[in-house]
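Have a look at the chains first, then try each task before reading its solution.

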Amino acid sequence: MKNIAAIFIKELHSYFVSVIAYIVIIGFIALSGLFFTSALARYSFSQDSVEFVTAVLFGNMSVMLLFIIPLLTMRLFAEEKKSGTIELLMTAPIRDTEVVIGKFLAGWALLLGMLLLSFLFPILMTQYGNPDFGPIFSSYLGLILLGSCFLSLGIMISSMTKNQIVAAFVSFGALLFLWVIGFLSNRAGVLGDIFSYISLIEHFEYFSRGIVGLKHVVYYLSFIAVCLFLTVKSVESAKWK
Amino acid sequence: MIEVENLTKYYGNIRAIENVTFRVEKGEVVGFLGPNGSGKTTTMRILTCFMPASSGRATVAGYDVFTQSLDVRRHIGYMPESVPLYTEMKVTSYLKYVSKIRKIPRTQRNSRIDAVLESCGLTHMRNRIIGQLSKGYRQRVGLAQALIHNPDVLILDEPTIGLDPKQIVEIRELIKELGKEHTILLSTHILPEASMICGRIIVINNGSIAGSVTLSDGRITSVQSSEGEMTTLGESEELYVEAKAPAEDFSAAVAKIPNVIDVQTAGESADNHPRVYIDYELNTDIREELSNLIINNGWELLEMRPVEITLEEVFLRLTTE
């Protein structure tokens, strides 16, 4: 536990020292603000429901996470491998699992920080209207779970390469693939169902509608677990090469 | 402290080391000497549990590197060849991080950090960002990192590479000092350095042990090759002499000097002057008698110097078939 904390603090510290954290957080909040403003503007012209505003906001936030999170995870292992500090980490008396979890949690803390700051927008809405906080909270739960999936996959890819650019690009590609595979779910039959179940975004849509289904929570949690497990295995296997 | 038995490592089809066997006793400072690509780093990486061997076994401080990896890692301080530094961190925050993952209790952390900063000569650099330090100081931070948990065994891969002569001397002194309390295995391909710091040198070549050399105070006392052939040096002293004299008369006369054990001809110069190696008893001095002999016979002394076998010669003999 102490080891996880040590790795966690170090990684979080690195994020802030190397300005990545600031750029990512500012970019995320600024763009979310832009989407929020445009959704509000459209809402004031048309007579859509208030849910329209939050649905647009959270939908756009989920897409932004798709772009941003590979940038957060790319360095986690790739940088250590490139600079040789992996040798320090692997010869210290800590387990591979502790390293992986510590790094994951550091990315997770940044994700939570970003989402927490974005909570400003729903709070702003309460000043001028009466938004339903049920779907807002469930959307946030969905964003946390979805973001965690992105993080776990990003870490897994980062643990397989020395090159940060490769890590970011492959993570992004893989996430995009798992996203758009949902578009194929219009197909009738079993195949359509399978595509829809695999797709990361299909599950998120339930959360944004205010539905917290066990099926979807289990999907996200198992996705995270599998990716982190594979990361540990990938870190271990690097020693055998 | 370190026991290695028949260690073999293949990277794919490439053999890095084969049947490497050696022991390092507690308190020894052992040098690992070999040409580039001879398997020094591979052996060290296996000992530090960075990667497993293909076959064979190794134990450090009584723990098996493969099955009791965490225990081994607790007892080892390791400085890899590419010094593992987080360049964006400050020296102290880096050492604090290492002290955490090295499981130093919270109450002792600061005093340990101060102690290693002091012994590595880094106290005045403690608040610098590592990325802005010179190569020599980075090397010291790497060493400080290896020492922070006061490990029983220190494994240092090329600790003085890339340093300037003054820094090299300082790091050597530091390693010598550390050798009083720690068991040290260090790799190098700098021969004088090995003979200065180490009590014993293991010569590795082409992935297998070529032999070992025992030293005392920088002088070679015995050499053991991997074929088991043991040469003990230091049973006699040796002089090289060149004189202007008839070769046979000269050798015969020299052999009669008291304490002389053996006279070997080393060939003749272009002018047919004899050149000889004279072995004589330890703790005696034949130079006075020898020069008197030459003068009394009307010969002339051209050169006389003591012969010491150097590590270079031994190294070349062990690493060339």
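A cavity is a set of grid points where a 1.4 Å probe fits but cannot get out, and its lining residues have an atom within 4 Å of a point. Keep in mind that this is a predicted model.

**Exercise 1.** Find which residues line the largest cavity, and sort them by class.

*Solution.* 
Step 1. Start with the count: the structure holds 1 cavity of 30 Å³ or more, and the volume of the largest cavity is about 30 Å³.
Step 2. Now list the lining, which consists of Val50(A), Glu51(A), Thr54(A), Pro131(A), Asp132(A) and Pro135(A).
Step 3. Sorting this lining by class gives 3 nonpolar, 1 polar and 2 charged residues.
Step 4. Helix H3 (residues 50-83) of chain A gives the largest share of the lining, 3 residues.

**Exercise 2.** Describe how chain A and chain B meet, from the contacts to the salt bridge.

*Solution.* 
Step 1. Begin with contacts: 24 residues of chain A touch 28 residues of chain B.
Step 2. Next comes area. The two chains bury about 2,600 Å² between them, 62% of it on carbon and sulfur atoms. Of the area that chain A buries against chain B, 28% comes from Glu87(A), Leu88(A) and Pro93(A), more than from any other three residues.
Step 3. Look for charged partners: there is 1 salt bridge between chain A and chain B, in which the side chains of Glu87(A) and Arg45(B) meet at 3.0 Å, N to O.
Step 4. Finish with polar contacts, found for 9 residue pairs across this interface.

Conventions. Residues are numbered from 1 along each chain as its sequence is written. Chains are lettered from A and ligands numbered from 1 in the order in which they are written. This is a predicted model: local features need pLDDT of at least 70, side-chain atom pairs count only at pLDDT 80 or more; totals for chains, interfaces and linings use all residues. Side-chain values use heavy atoms; hydrogens and water are left out. On a 1 Å grid over the protein atoms alone, a cavity is a set of points where a 1.4 Å probe fits but cannot get out, and a pocket is an open set with protein on both sides within 12 Å along at least five of seven lines; lining residues have an atom within 4 Å of a point. Grid points are joined across faces, edges and corners, and a volume is the space filled by probe spheres set on the points. Helices (H or I, at least four residues) and strands (E, at least two) are DSSP runs, numbered from the N terminus. Ala, Val, Leu, Ile, Met, Phe, Trp, Tyr, Cys and Pro count as nonpolar, Asp, Glu, Lys and Arg as charged, and the others, Gly among them, as polar. Contact means heavy atoms within 4.5 Å. Buried area is the accessible area (1.4 Å probe) that two parts lose on being put together, summed over both. A salt bridge is a side-chain nitrogen of Lys or Arg within 4 Å of a carboxyl oxygen of Asp or Glu. A polar contact is a pair of N or O atoms within 3.5 Å; within protein, one must be able to donate a hydrogen and the other to accept it, and residues adjacent in sequence count only if both atoms are side-chain atoms.
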